[in-house]
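Hello,

Here is the structure I promised to pass on. Please open it and keep it beside you while you read my notes.

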Amino acid sequence: APRSSVLTVACEQTEVLLFDPISSKHIKTLSEAHEDCVNNIRFLDNRLFATCSDDTTIALWDLRKLNTKVCTLHGHTSWVKNIEYDTNTRLLVTSGFDGNVIIWDTNRCTEDGCPHKKFFHTRFLMRMRLTPDCSKMLISTSSGYLLILHDLDLNKSLEVGSYPILRARRTTSSSDITSSGSSGPRAVGSPCHQNNSGPPSEKTLSRPSQREGGSPRNSLEVLTPEVPGERDRGNCITSLQLHPKGWATLLRCSSNTDDQEWTCVYEFQEGAPVRPVSPRCSLRLTHCIEEANVGRGYIKELCFSPDGRMISSPHGFGIRLLGFDAHCSELVDCLPREASPLREIRSLYSHNDVVLTTKFSPTHCQIASGCLSGRVSLYQPKF
């Protein structure tokens, strides 16, 4: 929870566990929170939280009355994997393996649910995130694409072809990221078109925004992030997180053959394209590290610390604390000209199975991790 009053745990079966993170005491088990695996939990404020499940539903809960759900939300047609929340508009945003991003109006919530609408659809959707200021939406796919919706307007639903498309391209670690000579991404399996056509033609490119350095509302950028060691092979973006100050995105990528895993940090590059027909690239690879190839087929969720100086990453039967340099400096203070290795600050191992998720406390020097066998560990690292 935002004030660290409770730690909630999503379980593979139908349960949600609640703990006091300070005393480590078990508070309550919601034994039938859903009818299938619980995938993600998101707090809307200090008492309301949402859960999503493979049963295709989202449930809203109130910490003051956990015996019953506030309501159940129906709208997805496949497993629901991700929940985001716009605190400005009080809109709940969910995504699932049906490829849909759905908006729920919690301002008009009743026992029967909330008004909702499909906002966006793409094939191979894995994860969806909003930047801290909710100005961008990032979507990762199992086909190795990263989609960015710029200057986000959640009140407008997007159909294929109804949004401006910024020319797609591959991210690089070079300082010259706006060169007009780069080609577009792979045409096969393109996530934002119903056919297998290549990148959009120049006629469909967006016009420069009237606001200097900006993009048209809900303009779509399609990227294939460069992953070290994967230049000639495809990869799957399995986990997607954002820097708490909105400076960068954090990706966990695995090779299509599932024999390599990488954690990569990409800095946001703001500003409009050099000219209307030039490729735009909003991300630059700054740091990366190879991960232990353990627990193939399972998604490992990593995270930034609340100040953005450290990364907690599942690594085999434990977690690694990673920094941008040995002193845990701010990202903006140690941006390299070319991609550099993340520095391992500390390794913590206490599990007897593959660690799948990890999370920093928002208020205390504390980290939680959960493994495949169901064990939850709490750490107070000392440096």
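Are Glu261 and Arg252 buried or exposed? Both are buried. Keep in mind that this is a predicted model.

These two residues also meet. Glu261 and Arg252 form a salt bridge, with 3.7 Å between the closest N and O atoms. They belong to a network of salt bridges, which links Arg252, Glu261, Glu291, Lys300, Arg320 and Glu344.

Look at another pair from that network. Glu291 forms a salt bridge with Arg320, and here the closest N and O atoms are 3.0 Å apart. Glu291 sits in the loop between S20 and strand S21 (303-304), while Arg320 is in strand S23 (residues 318-323). The two are 29 residues apart, and the pair links distant parts of the chain. Glu291 and Arg320 are buried.

Now the whole chain. It has 0 helices and 28 strands. Of its 383 residues, 56% count as buried. Take the contacts between residues at least 6 apart in sequence: 54% of them join residues at least 24 apart. The accessible surface comes to about 16,700 Å². Carbon and sulfur atoms account for 47% of that surface.

Zoom in on S19 and S20. Strand S19 covers residues 261-268 and strand S20 covers residues 283-290. The two run antiparallel, and 7 bridges join them.

How many does a search of the whole structure find? It finds 17. One more pair deserves a look. The side chains of Glu84 and Arg129 meet in a salt bridge, at 3.3 Å from N to O. Glu84 lies in strand S8 (residues 80-86) and Arg129 in strand S12 (residues 125-130), so this pair ties together parts that are 45 residues apart in sequence. Glu84 is buried, as is Arg129.

Best wishes

Technical notes: Residues are numbered from 1 along each chain as its sequence is written. This is a predicted model: local features need pLDDT of at least 70, side-chain atom pairs count only at pLDDT 80 or more; totals for chains, interfaces and linings use all residues. Side-chain values use heavy atoms; hydrogens and water are left out. Two strands pair if DSSP finds at least two bridges between them. Helices (H or I, at least four residues) and strands (E, at least two) are DSSP runs, numbered from the N terminus. Buried means under 20% relative accessible area, exposed over 50%, partly exposed in between (1.4 Å probe, protein chains only). Contact means heavy atoms within 4.5 Å. Accessible areas come from the Shrake-Rupley method with a 1.4 Å probe; for residues, only the protein chains shown count as cover. A salt bridge is a side-chain nitrogen of Lys or Arg within 4 Å of a carboxyl oxygen of Asp or Glu.
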